[in-house]
Each structure stands twice: as C-alpha cells, then as structure tokens.
Amino acid sequence: MRKKIGLHQKVTKKRRKWPWILLTLVILIVIGVLSFWLKYGYDIKNTIADGYSYSQGLKASDFHPKNATVIYDRNGKELKKLSQSSSNYTPINEINPRIKKGLVEVEDQRFYIHHGVDMYAILRSTVSTLLHRRTEGGSTLTQQLVKNVILQDQSQNLTRKLKEMVIAQQLEKKFTKQQILEFYINNVYMGHSSYGFSAAADYYFSQNQNDLSIDKVAVLVGIPNNPVYYDPVSAPDRTVKRRNMILYIFYQRGLISKKTYQTARQRPLGLKINQKKYDNDVSNNYALNYAVFNATEELMKSSGFTMQYAFKNEAARKKYDASYTQEAARARGQLMEGGYTIRTTIDMNVQNQIESIVNKTYQAYTGRDAHGKLAPQVSSTVIDNKTGDVIAIVGGRTTSGDQVNRAISGYRQPGSTAKPLVAYAPAFERGYLPQSTVVDSAVGNVHNWYSGYTGKTTVRHALENSINTVAYKLALQDTNYSFYDDLAKMEFANLRPVEDKNAIAALGTFGTTTTEMASAYSSFSRDGQFIHPSNLSSIYDNDNNRYIYQNTHMKKSVYTKNASYMMINTMQSVISDGLGKAAALDNYKYTAGKTGTSDDTKDSYFVGMTPDFTIANWTGNDIPSSLTGTEQGLSMKTFKAEGEYLVDQLKQKDVNFKKPDTIDVDGNKLTVDNKNEHPSIQDVIDTYFAKYTKNQTDKNANRLYNLDYRIIYHLTKKEEYKREDKVQAAIDKYSDTPITKEAQYNKKLSELQKIRYLNANVKRQSAKNDFNQQILQLQKELNLSQAMFATAKDNKKIAKYEEEKEAIETQREQKRQAMVDKLMPQYNAQLQKVKEAYKNNDSDKADQKQKLIDIMNEIRSYGGKVDDVKINVETSSDNSD
C-alpha cells in the first residue's frame, strides 16, 4: 500500500511540473516575439504602409507594352530607337491554353486558391530547405509579378519580401486571377531580351505561341525559374532536362497522356532563333554600344544591384560574376523592352573623326588572325578631364563581322602604364619627390627591359626610362597595399582577389581596358579626384515620370593633389626626355604620358594627357602573340594623331597643367611648401560643409517644398519628411554598430542595401542626393574595412608568393634566352645579307638593313646583347642600330 501511495505521489509531482514547463515556454515565446517586434516592428509597419501606398496607384495599363527606348546625342538628335523586344501584348483569351495551365501547374499550383500569398507554399519551402537542404520557391505568380514588374527589385531582404507580399495581396483585390495571369505571361523575363511568352516563342522558335507543340511549351514554362541557367541557347542540355521534368509534371497532373509524354521527351529542342525581327543592334557603333552598356548598369543599380570591384577570394568573384551576368541580362532586356529616354554626351562628329584617325593609322596592317579578325587590333578611349565624360571610344578596327568593343571588354595587361597608378603616385603620397634618389638593382625575380642595372637614379629618371626594379621596390614599400584599394576605388573590374595582393601589380600584370586606364589617369588632372567614366547624361523612365539616373559627375578622392601634380609633372618628362618622345604633340607642348608593354610584347599600351583630355590606347592581337617593333609604336602614333586633332577641335589653350599652391617648381626639382596653401572653393565647402548645407537649405526651403515631391508625386511635406526620416534613422542605426570583424561584412552590406532601398522612396532630389553621398561614404568605409581585414591574412602568404614568383621569372628568363638563341642565327644570316647588299649596291639594301634592325631590336627586347654593327664596304659605309 505504501508503495502505491509513493508511486502516486511521484506521478502527481510530475504532472504538476508540466503546467510550469508549458508556462515557461509560452513566456519565452512571448518575450521572443516582443523582442523581435521592438527591434523590427517600426520597419515592418513602415514597409507595410509603403506596400499599401504603392499598390493604390497600380492600374492595368502598367502591365501593357511600353513606348520604345530612345537614345539621343549631346545636342538632342536621335541616335537610336530600340524597338520593343516583345511581341504585341496578348490578351488572356488568345494565349495558348497549354501555357496557361502548364505555367500554373509548375510555378503555382494553388494559384486559384490563394489570395496573392500562399502560406502553405512558404511553409513547404521552409521545411524543404531545413530538412532536405533543397531550395524550393515559395513565391506565388502574383508575388513574382510584383517583384519583377512593379518593384523591379532583386535584393534579398525581409523588407523587400514583406512589401512584395503586401502589394501581391492588394493586387489580388484589384484584379481578377485571369488578369493577373495575363499580366504575368506577358511580362515575365524569358532571356535574350524577351519579355513574355509571345516574345519567347517568336525568338526561340520563330513561331506564334498558339502554334507551339507541347514539348516547346514545356521549354518556355521552364525558363522563368532561372532564365540564365535554363537558357536554351547557351545551356541546351540543362534545358532538355528541365523540359522533360516539366513534361513529366504535365503527365502527372493529367494535362497530357502517357503516350504524348513519351513522344515529346524524345524530341530535340527544335530551336529556330529569330534574331532579325527587331533592330536593337548597337554593335556597329562603339559610342552607342558604350551608352547601352552604361545604361544597363545604371538600371541594375536602380534595381538594387551593388557593383563590386574587390573580392576576398576567387569563389566570391565567381559568385558575383554569375549574379552580374544574370542581372545585366535582365536589365538589358528591360532597356530593350522600352519606356526610357536616354540622353548622352555623344558627339558623332568627334566620334567619327577619332575612328577615322585610328583606322588611318592602322590601315597598312591588313593581316587577319585565325578567326578572321584584323590583326593587330586596337582600342582607344578619350576622356574629358573636366567632367570625366567619355568623349570618344573605339573598340576595334571595324564593326563589320566584329562586334567586340575592346575598349570596355578587352581586358589585357597594361604593362608599365600601371606604374604611375600602383607605384609612383602612392610613393609621392608617402613623401617621395621626383628628384628623390632610388636604386636600380636586383630585387626578387624582376628584370628590366634592358640588360643589367643602372644603380642610383632619381624617381623621375626611373619613370622616364620605365625601370621595372624601381617601380616594384616602391610598390613593395606600400605594406598596406593602398594601391589595391586605389584601383578598386577607380572601378578596375578585373583585379585579382584580395588574397592575391602583390606588388608585382606595379608592372601591370592585371587585366584592364582603355576606358579604365583613361579614367584613372584623368584623375591626376583633377587633383586626384576620380569620376566614374560614362557617356550618359540621364535616363528618364517615361512610364513612371521619374529619372532613373542623372550624371552628377560625383568625385571620389583617390590621390592627394600634391601627389597628382608630381605624377603629371614626372610623366611630362616621359614625353620630353623618356621613352614617350614619339607621342609628343606638334601643336601642343604640355603633354604627359606613359608607355607600357606586357611580357613577350603581346600588348602595347600608351596613356597620354593634356590639361583638357586623356587618351588611353592599346595595340595587340586578339589571340595574344608578340608584336613587331613597328606595331609596338602604333599606340603612341595613334595618340599623337588623336591628340593633335583634339587640341584643334577643342581649341585648347596653350596652358600648362594647374599647379597647387603647395608645390614649388625649380626646373626638374619639386618641393612641397604647405605654408603657401590657399584653400580652394571646394576646400572651403568641404571644411564648412555643415554650415554651408544649413545656409543653402534655409535659403531654398520654400522653393524645395514646392518642387518634385509635391508636384510630381503629390506628397505632402509630412509624407515626404517621414520617408526621409526612415532613411536617416537607418543610417544612424547602421553607424551605431561599426564593423569589427570580417564575418560582419555581408550583414553590413545587406544593411546598406536596405538603406538604398529606403532612399529610393525619397522624392526630394536634394535629400536623395545627400543620402546618396552618405551611403557612398559608408560603402567606401565598409570596403576599406574589408580590405584591412583581408590584408592581415595576406602577409602570411608573401613567402609562398615570392617562391612562385621566382619560379615564374626563371621560366620566363629561360623562354627569353631560348628566343635569343633562336634569333641569333637569323641575325648572323641577315647581317651577311646586308653586307653583301651594300657591297653590291643592291636596290634592296635599305630593306635588308631594316630587317636587320628589326631582328636586333627583337633580340634586345628579349634581353639579348647585340653590338651595333658598322658596315664598311668599298663603295659605301653605314651604321645599323
């Protein structure tokens, strides 16, 4: 009996514990919910309010075809009209029934049940991700329509998703299911600038969407999930697998019979690409092609995409590149779809003249490579130093059968033209002067273009003669690798990941384009201030009556004004006394520049500038191979012709580069005297920025209150300021938690993206621009922090890099010696021919002599030694050198 009582008491005690455990769990859940609401409640309420506000103005016409995108030159003349890339808008009752049914079955099976948001699908997606580690979409067709057509925002964050869900539910109240399905089918992006199933059917199969067989319907239904990954043109194997999976779903859901399924899955893709229907080709005009490239990137930015130039490792770069490719395709398709007015700085008279000069310079070279392209090739970019605008751009020798714009996509090594950016300008910032003494001596496996070393020399002389060892030593002294951050600031898009930081970059071992090089050098003319290169003035969204982009020529500080002037002054000596003499302009004496040649003379670069403009030229073969001595000189020869034309065209005054008050010049000697510094207008504005802003704000308050946010967007002052307060609150919140470790980078980057998204809702342009400046500064600080974290890791790898470097240089030296050994028999044979020709007074003796000179120059370019030869014959004597 006692045992039973004891057991009963134990059971009773256990039962009494359960209510307390349950109560504890409830309290913890309530506390968790309250904590979450206190932290995110304000943002959630505002996002929901924004969603309701946004959805109120939506109408059916917002989903119908847009007017064509038109591009204008600097004088307002129409350059190009981009026809709509989609077929005519197709009403729901004219859409192929198999497309309607199949799309719903594959993408949103509960489409006719939910009210815009499917909580069951979201729960299923979450469980699948957690249990099976497999991502399944939880978004409805309505949500996808909101994201891609209304918000045009691909960012991944809670507020965007919440806003999307709110608008989706409001959309379902405003339109019928059939209307929403019609909007989706006509607007979904299908790849290759095609929007909607009608456009896709016409592009991929050259057929009307109503005439498609079931296997082709399945191909199209499979594309929206990922238009790049399931691209029928570039990924046919993946597309076939996706098609067959969708055919199986059709069979399972009773849309087709088993026999139809088995027959259809055996068929080939049956592509019949229709590329000629729309005249959207801009590849035959380099300036126009560049404008579309710029407009595409600006649309990407306006949709939440963040451009990135520095990467912590190769995996991060590949991930970014894949994201960039997908978003660029989407944005370009959006541009081609129409609805935009694009104004540019293009002057076709100047553009055509620069192209003519380039073609005339290269006209004697008529050879072609294995792909039928002219060889050697060329790219050239001209920058207006005052504005940073691209005046002219040449991406090759012809656009006939050659659609590559090498000035923006031809990434090749710049050789020694990298030295001012990577080695010398940072050295000047650290206290070096042009007359400072440096030593040309052995270091690592770096060799000069000439044999041996010259010992003590000056910085000026080292740059004039492009001494590799000095540039490398100066870059090695930059232990913080500030040059890497400088290049990233100036938007060099093909830098090695942060883990591969290396002073060897001073010798131009990274890939770049003439547009990147010209804009970077142009910064020296603006006291070290970089301006993003572009030939756009603005992009206007006609359907939403707003500017997507306006070129404010925003400046980013990269180099100090003292270092910038010393860099220009030293590069002037390259033209007057160094290797760049052939680039000197006959009609203008104040010219600066730098030559550059990559290993094995596969690339020839020259970047030159006057106070008004900067030109970067590249010569090389698309299939990299060594250039002849004459071909190497084409980049300078082209600069000379272009520069002399631009001096006359721009009516450039014969005035030297502007010297800062802090620099004293005595011949070739430059000294810094900060006592002479007189603040510029910009310095005053920067110093007293807060006061200046307040005065200007007070002065213009009444006028600003009655401008765009009120007239165009019909917002009250209270409504507009509420939006601005959200942005400022988000910036303050971001700044209150500074980054302390590298693992926080992605989170901070996401927070910045959220701030950009909030700023997109600000309609008062002055406030929007001010926030943009703050966001840009925060982004710069974040990038700098990331670079600093990464630098700590890199120092451990220097020894390994040095070993690899030594092995590479040894291999290169062996290759150079092999080339010298190969050329020496040719030299000896040609020398004999020259002697015989002069002895016999042959008519081709001058040609034979030139061939000898070319062989001697080539031997010397590989480090070989060949003495100057004096030819003595009875009838004549000559020297070859």
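A: In helix α27, the buried residues are Y745, K748, L752, Q753, I755, Y757, L758 and N759. Buried means under 20% relative accessible area, exposed means over 50%, and partly exposed lies in between, with a 1.4 Å probe and protein chains only. Helices (H or I, at least four residues) and strands (E, at least two) are DSSP runs, numbered from the N terminus. Helix α27 covers residues 745-760, and its 16 residues should span 22 Å at 1.5 Å a residue; the end C-alpha atoms are 23 Å apart, so the two values agree. The expected span is 1.5 Å times one less than the number of residues.

This is a predicted model, in which local features need pLDDT of at least 70 and side-chain atom pairs count only at pLDDT 80 or more, while totals for chains, interfaces and linings use all residues. Residues are numbered from 1 along each chain as its sequence is written, and side-chain values use heavy atoms, with hydrogens and water left out.

Helix α26 (residues 717-736) contains E724. E724 has a relative accessible area of 8%, so it counts as buried. Apart from neighbours within four places in sequence, E724 is in contact (heavy atoms within 4.5 Å) with V762, R764, A767 and F771.

A buried residue in a strand is D541, at 5% relative accessible area; its strand is β9 (residues 536-541). Not counting residues up to four places away in sequence, D541 touches G339, Y340, R546 and I548. The C-alpha atoms of D541 and I342 are separated by 9.1 Å, although the two residues are 199 apart along the chain.

For the protein as a whole, 49% of the 881 residues are buried, and there are 30 helices and 18 strands. Of the contacts between residues at least 6 apart in sequence, 71% join residues at least 24 apart.

In soluble globular proteins, nonpolar side chains tend to be buried together. A nonpolar core is a set of buried Ala, Val, Leu, Ile, Met, Phe, Trp, Tyr and Cys residues joined through side-chain atoms within 4.5 Å. Here the largest core has 120 residues, and F492 is one of those with the most contacts inside it. Helix α11 (residues 286-302) gives the largest share of this core, nine residues. Among the residues that F492 touches, beyond four places in sequence, are Y309, L421, L487 and F510. A second, separate core of 48 residues includes I99, L103, F197 and Y204.

The loops hold some backbone features. Most residues other than glycine have a negative phi, and most peptide bonds are trans. D527, in the loop between α19 (514-525) and β8 (529-531), has a positive phi near 60°. D527 is partly exposed, at 39% relative accessible area. K651 also has a positive phi, of about 50°, and lies in the loop between α22 (634-649) and β15 (663-666). K651 is exposed, with a relative accessible area of 69%. A cis peptide bond, with omega about 0°, joins A375 and P376; P376 is in the loop between α13 (348-362) and β4 (377-384).
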